[in-house]
Amino acid sequence: MKVLRQDKINASTYVLWLESKERPDPGQFYMVYPRDGAKLLGRPLSIFDYQEGTLGLLYEVRGEGTREFTGLEEGDEIQVLGPYGQGFHIKEERSTAFIAGGVGLAPFVYFSRFFKSRPKVYFGTQNAQGYEEYLRDYNLGLEIHQGGYITDYVDYEAFDQFYTCGPRVMMEKVLEDCISHDKDLELSMEERMGCGFGACLGCSIETLAGQKRVCKEGPVFRKEDFFHA
Ligand SMILES: Cc1cc2nc3c(=O)[nH]c(=O)nc-3n(C[C@H](O)[C@H](O)[C@H](O)COP(=O)(O)OP(=O)(O)OC[C@H]3O[C@@H](n4cnc5c(N)ncnc54)[C@H](O)[C@@H]3O)c2cc1C
Ligand code: FES
């Protein structure tokens, strides 16, 4: 795919804009391949936004692959495969909240475009710098908290349907809270990936129905995949 531009939200967070004809489903992801062949594997990145042939991927620099992405410039060509995986189920008529930790915010910006009334977005991050300004033109009901536990701020009684993405410990707490408040929940899981399309089994997780591949049966799972009512 061709790089259109790259925005810097803060010192370690970027949005890479690419030319892409295919309209993805919210909650799907792409495998983005570093150009340095020694790094081999693609890096899975969620869809931050898509509009009229332009795909946005928000990423945080963690290791060698994402560090390399920061050097991409307008006109560069990179290998990007996807969209992969099963995305979120849309239940527009229900009052909805997203609970995001860190770059777990990424899929909810595009997903929010599928709702007529804007969903509430609870966003917890270690570094809130730049986000509010960057997201100003998106119609998000954004509540940002820097540090602490984002789950401490969630009003579970105010909404029917929850979606979450972020660090495993945060999502475990959201699952526990949605079980105790009897709320519907979908979780976008993060696992280290090899192929990204179901062949290597490297991303398998345990569910009540046995092992599932995060890249193929996920990344979005339901509360019921982990909990018997
Ligand atoms: C379905 C899915 C969607 C994702 N969406 C996004 C996104 O939108 N934005 C974003 O910034 N990141 C996202 N990630 C995480 C992202 O893929 C990793 O941060 C990235 O692959 C790290 O690559 P690297 O080369 O920088 O790091 P590496 O050098 O490969 O590793 C550096 C560090 O990152 C950790 N790491 C590597 N891969 C993962 C992973 N898959 N999950 C958790 N930790 C990992 C390693 O354990 C290590 O500590 C997503 C992951 C999945 C599975
Ligand atoms: S990453 Fe290969 S099966 Fe999921």
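In this predicted model, the backbone nitrogen of R35 lies 2.6 Å from a polar atom of the side chain of E68, a polar contact being a pair of N or O atoms within 3.5 Å, where within protein one atom must be able to donate a hydrogen and the other to accept it, and where residues adjacent in sequence count only if both atoms are side-chain atoms. E68 belongs to helix 1, helices (H or I, at least four residues) and strands (E, at least two) being DSSP runs numbered from the N terminus. Leaving aside residues up to four places away in sequence, E68 touches P34, R35, D36 and K39, with contact taken as heavy atoms within 4.5 Å.

Helix 1 (64-69) is also one of the elements, together with strand 4 (43-46) and strand 6 (54-60), that each supply at least two residues of the shell around ligand 1. Strand 4 makes the greatest contribution to that shell, with 4 residues. In total, 20 residues surround ligand 1, and the closest are R43, P44, G63, G65 and T66; a residue is counted if one of its heavy atoms lies within 4 Å of the molecule. The shell comprises 9 nonpolar, 4 polar and 7 charged residues, where Ala, Val, Leu, Ile, Met, Phe, Trp, Tyr, Cys and Pro count as nonpolar, Asp, Glu, Lys and Arg as charged, and the others, Gly among them, as polar.

Oxygen atoms of ligand 1 are approached by a polar side-chain atom of R43 at 2.7 Å and by a backbone N or O atom of E64 at 3.4 Å, whereas a polar side-chain atom of E190 lies 2.8 Å from a nitrogen atom of ligand 1. Taken alone, ligand 1 exposes 860 Å², of which the protein buries 80%, accessible areas coming from the Shrake-Rupley method with a 1.4 Å probe.

Some backbone features were also noted. A cis peptide bond with omega of about 5° joins G82 and P83, and P83 is placed in strand 7 (residues 80-84). The peptide bond from G218 to P219 is likewise cis, with omega near 10°, P219 lying in the loop between strand 14 (210-213) and strand 15 (220-222). E52, although not a glycine, has a positive phi of about 45° and is found in the loop between strand 5 (49-51) and strand 6.

Residues are numbered from 1 along each chain as its sequence is written, while chains are lettered from A and ligands numbered from 1 in the order in which they are written. For this predicted model, local features need pLDDT of at least 70 and side-chain atom pairs count only at pLDDT 80 or more, whereas totals for chains, interfaces and linings use all residues, and side-chain values use heavy atoms, with hydrogens and water left out.
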